[in-house]
Amino acid sequence: MKTMTKYDLEPITKTFYDALEEGNILGRKCTRCGHIEFPPYLCCNACGCLDTEWVDLTNMRGVVKQALPTRGAFGDPDFKNAHGDYFAVEVQIPGADPVGTSLLHVDYDKYAEFDKALSEREMIVKPLIIQDEDTKVVVWELEGESEFKKIPEIKAPAPAGEKKDEVKPAAKAVDVASDATAKAVIEAAADAYGVDASEISLSTDIREDLSNESMKMIVMISTIEEVTDVTIEIQEASALNTIADFVNVVKERLGEETVDASAPAVSAADTAAASAPSDDALDDVAKTVIACAADAYGVDESEITLSTDIREDLSNESMKMIVMISSIEEETDVTIEIQEASALNTIADFAAKVRERM
């Protein structure tokens, strides 16, 4: 029985990356049909011939065949932070198959115009060797001057040992309960992603902690616009990650002071605990809320304290919550919206909200 020859790609890969370290770009050319493999491969993908040889492609040029945007689900935030805006493109070089790659040094805000221009004229590009994490890779940039070209200013990290220790002031605590903008964004996110507002903080990462579904993001920014009258474009939202990022976009457009995602958040419960009277000395507002809760949830008032958690200690039935806030409105002439109530947990939270509006 004849034994098949085993061809190993590893030496080819090593030669390719060793050449990049020296500033050279190599491909493999078929000795039978002349087809070029780039990146290099074991054999010719055009005719199947295993007899290929190295060819220097350092000075090659290519033509962009198509381009895709690279924000949101299609982008790589770490790559963008390291190298600036880029498009995902398909580049055709002479004698080779099209290759999927990255086009750097572009103005992302002009993506639509760039995409349209592809159907009207050739976009000539040249290869560019860059350091990406622990290895060098080949990307592309537009040749010559272009209205779509934009070289980013990226500050290199300070060399190890030269970075001075900086003592940063502690981030100012954010009272989410009284910060209308932060609260509006959190509630919009909770509604769009189907979670309780208490599960969301300023540092919550939308895609990692909630969901990467773009439709939910669209619902969230639509709600934010409705509540705050601030528009966040979908393309713009794709570059925002945490709740604090969204809060700060809204605050900037409203002329408010921005917040720090690392700042400790002061919840409604914290505010209530600091300002509400103790269980032994309940004020009229606290007594009214407790009475309304007892009536709605069918329990004795003596079983309810300021720290009672409505859903955990009483019931998670939304109809009972509706009855309770309806009774509170009737007794105090203060309205608490159902959506708003979903972010309140304890009796103290409801009492604090009533006091705030009285």
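Reader: What percentage of the 358 residues in the chain do buried residues make up?

Author: Buried residues make up 41% of them. Buried means under 20% relative accessible area, exposed means over 50%, and partly exposed lies in between (1.4 Å probe, protein chains only).

Reader: What kind of model is this, and which atoms count?

Author: This is a predicted model, where local features need pLDDT of at least 70 and side-chain atom pairs count only at pLDDT 80 or more, while totals for chains, interfaces and linings use all residues. Residues are numbered from 1 along each chain as its sequence is written, and side-chain values use heavy atoms, with hydrogens and water left out.

Reader: How many helices and strands does the chain have?

Author: The chain has 14 helices and ten strands. Both are DSSP runs, numbered from the N terminus: helices are H or I with at least four residues, strands are E with at least two.

Reader: What makes Asp18 and Lys14 a salt bridge?

Author: Their closest N and O atoms are 2.7 Å apart. A salt bridge needs a side-chain nitrogen of Lys or Arg within 4 Å of a carboxyl oxygen of Asp or Glu, so the pair qualifies. Asp18 and Lys14 are four residues apart in helix H1 (residues 10–21), which separates them by about one helical turn. In general, an α-helix has 3.6 residues a turn, so residues three or four places apart point the same way.

Reader: What makes Lys353 buried, and which residue does Lys353 meet in a salt bridge?

Author: Lys353 has a relative accessible area of 5%, so it is buried. Its side chain meets that of Glu356 at 3.6 Å, N to O. Both lie in helix H14 (residues 347–357), three residues apart, about one turn of the helix.

Reader: How many salt bridges does a search of the whole structure find?

Author: The search finds twelve. Asp179, Lys251 and Glu256 are linked in a network of salt bridges.

Reader: Which residues of H12 are buried, and what puts them on the same side?

Author: The buried residues of H12 are Met321, Met324, Ile325, Ser327, Ile328 and Thr332. They cover an arc of only 155 degrees around the axis, so they sit on the same side of H12. That arc is taken from the directions from the helix axis to the C-beta atoms. The face turned away from the buried side carries the exposed residues Met319 and Glu330.

Reader: What do the buried residues of H12 pack against?

Author: They pack against helix H10 (284–297), helix H11 (310–314), helix H13 (338–341) and H14. After H12 comes Asp333, whose phi is positive, near 65 degrees.

Reader: How many aromatic pairs are there, and why is the pair of Phe79 and Tyr86 called edge-to-face?

Author: The structure holds seven aromatic pairs. The ring centres of Phe79 and Tyr86 are 4.9 Å apart and their planes stand at 70 degrees, so the pair is edge-to-face. Rings of Phe, Tyr and Trp (its six-membered ring) pair if their centres lie within 6.5 Å; planes under 30 degrees apart count as stacked, over 60 as edge-to-face and the rest as tilted. Phe79 and Tyr86 are both buried.

Reader: What makes Phe114 and Phe148 an edge-to-face pair?

Author: Their ring centres are 5.3 Å apart, with 90 degrees between the planes. Phe114 lies in helix H3 and Phe148 in the loop between E8 and E9, so the pair ties together parts 34 residues apart in sequence. Phe114 and Phe148 are both buried.

Key: Contact means heavy atoms within 4.5 Å.
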